[in-house]
Amino acid sequence: MDQLMARSMKAYQSKFARVIQDTLALLFPIMLLGSFAEVLKYSFLTPSGFVATVFGVTKWLPAARQISQLLGLIVHCTVDMIALYGAYGIAYCTVKAYGRQTSALSGAIGLLAFLMAAYQPHSHGRLLFNSTLMGQGLLIALIIGYIVGRIIVAFEKRRALRSYQIIWPLLLVVVFSIVVNVVVSLTRSPEVQSFISSTALHAVQASALSYVIGMGLLTDLLSWMAVGGPFSASPTFTDPAALTNLNHALKTGSAFNVPFKCTDVTLFHSFANFGGNGAVLAMIIAILVFSKRQRFLTVSKWSIFPALFNNNYAMMLGIPIVYNPIFLIPFLLAPLVNMLVAASFLALKWIPAAVYPVPSGTPGPLIGFLGTNGNWLALILGAVLIFVDVLIYMPFVKLYDRLDRNRGEQ
């Protein structure tokens, strides 16, 4: 812990770390708004949502459909476009940290660079952008915006740049963006996607448990890096393994002997995804109980509502968790422990597999309970795992408190 503290303290003293933190601070209120809107739309105002199913909200709430549409607009303009704001913010903050003058023009150029990188060339003349990059490409947006900011700073050091003197760095940024666009287009080609799918299929056939744990950890790691992972944000119950398990349970009347006990639904979503990737709900509880920093407490209180419904976007940017080396260890360790314990319970047949579909927006601790058709041991296991996760996060929360206090004193 002392070594982690010393190295983290040294890292956070750099200008680059300050640029990242300033950018994430700009994005937090946008993502918080989008998180609330997403939870209200999909859990409360969608007929198949969890709260809507339990309380029949869409049946008695006036103008429920219109409100849902407005919330969807907010989600599309915040969560689904967060990379746009990231590209603008980091370009602006980079020039502010490294340059001699601060200009909104630098943020606009960063935004332009990302739009060019995200544009889909095979859109037949329509203005279409890569939706995956828009919503899950924050890391790429930050890299593009940072490089754009450094290019502007490099030209600025030669002479004070004005709006009419920005042409040369702008042309360089355009060339850079086109190269990124080509690379992104190649990675999304059908040949590359087929290769990835075939590799994943062989992994499933080799070892289901190792595949689920590996893909689960990769999903959490990429989430920490602000990139979309191989597992979806919520269980779908529509993949072949889930449908096979469900049909077997319906025919035999039991989910204890399903053909596929180790899947993303039975392990990752049911027991390792409390509050979103990284078991963030446990982190929020740990902060509320053990942290003494007012900023962390405030962010956690605002983020607990969406986290209850497995939406961790606000928490990821508010603390922040993304690119935070202190929280990387528990962010990966807590889900790993949960999946291993749940796999052991399934192997021993102490709990059935979660094979029954649950409503969208179901709180994380209830997915395993409802997915097993109301098995109480599965619910108790989820509660125990949350408690264990809080203990895993506790020393790292205290360490981050020390780091934040020391930074404040300096």
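Ala226 is buried, at 14% relative accessible area (buried means under 20%, exposed over 50%, partly exposed in between, with a 1.4 Å probe and protein chains only). In this predicted model, local features need pLDDT of at least 70 and side-chain atom pairs count only at pLDDT 80 or more, while totals for chains, interfaces and linings use all residues. Residues are numbered from 1 along each chain as its sequence is written, and side-chain values use heavy atoms, with hydrogens and water left out.

Ala226 sits in the loop between helix H12 (208-224) and H13; helices are DSSP runs of H or I with at least four residues, strands are E runs of at least two, and numbering starts at the N terminus. Its phi is positive, about 65°, although Ala226 is not a glycine. Ala279 also has a positive phi, about 50°, again without being a glycine. You'll find Ala279 in the loop between H14 and helix H15 (280-290), buried with a relative accessible area of 0%.

## A cis proline

Most residues other than glycine have a negative phi, and most peptide bonds are trans. The bond joining Ile319 and Pro320 is cis, with omega at about -5°. Pro320 belongs to the loop between helix H17 (313-318) and helix H18 (325-347).

Asn245 is part of helix H13 (residues 240-252) and is buried, with 2% relative accessible area. Skipping its neighbours within four places in sequence, Asn245 is in contact (heavy atoms within 4.5 Å) with Val258, Pro259, Phe260, Thr263 and Val355.

Helix H14 (residues 264-271) is mostly covered, with 8 of its 8 residues buried. Among them are Asp264, His269 and Ser270, along with Phe268 and Phe271.

## The whole chain

Zooming out, the chain has 20 helices and 0 strands. Along the principal axes, the C-alpha atoms fill a box of roughly 75 × 55 × 50 Å.

Of the 410 residues, 48% count as buried. Take the contacts between residues at least 6 apart in sequence, and 72% of them join residues at least 24 apart. The accessible surface is about 19,500 Å², with 68% belonging to carbon and sulfur atoms; these areas come from the Shrake-Rupley method with a 1.4 Å probe, and for residues only the protein chains shown count as cover.
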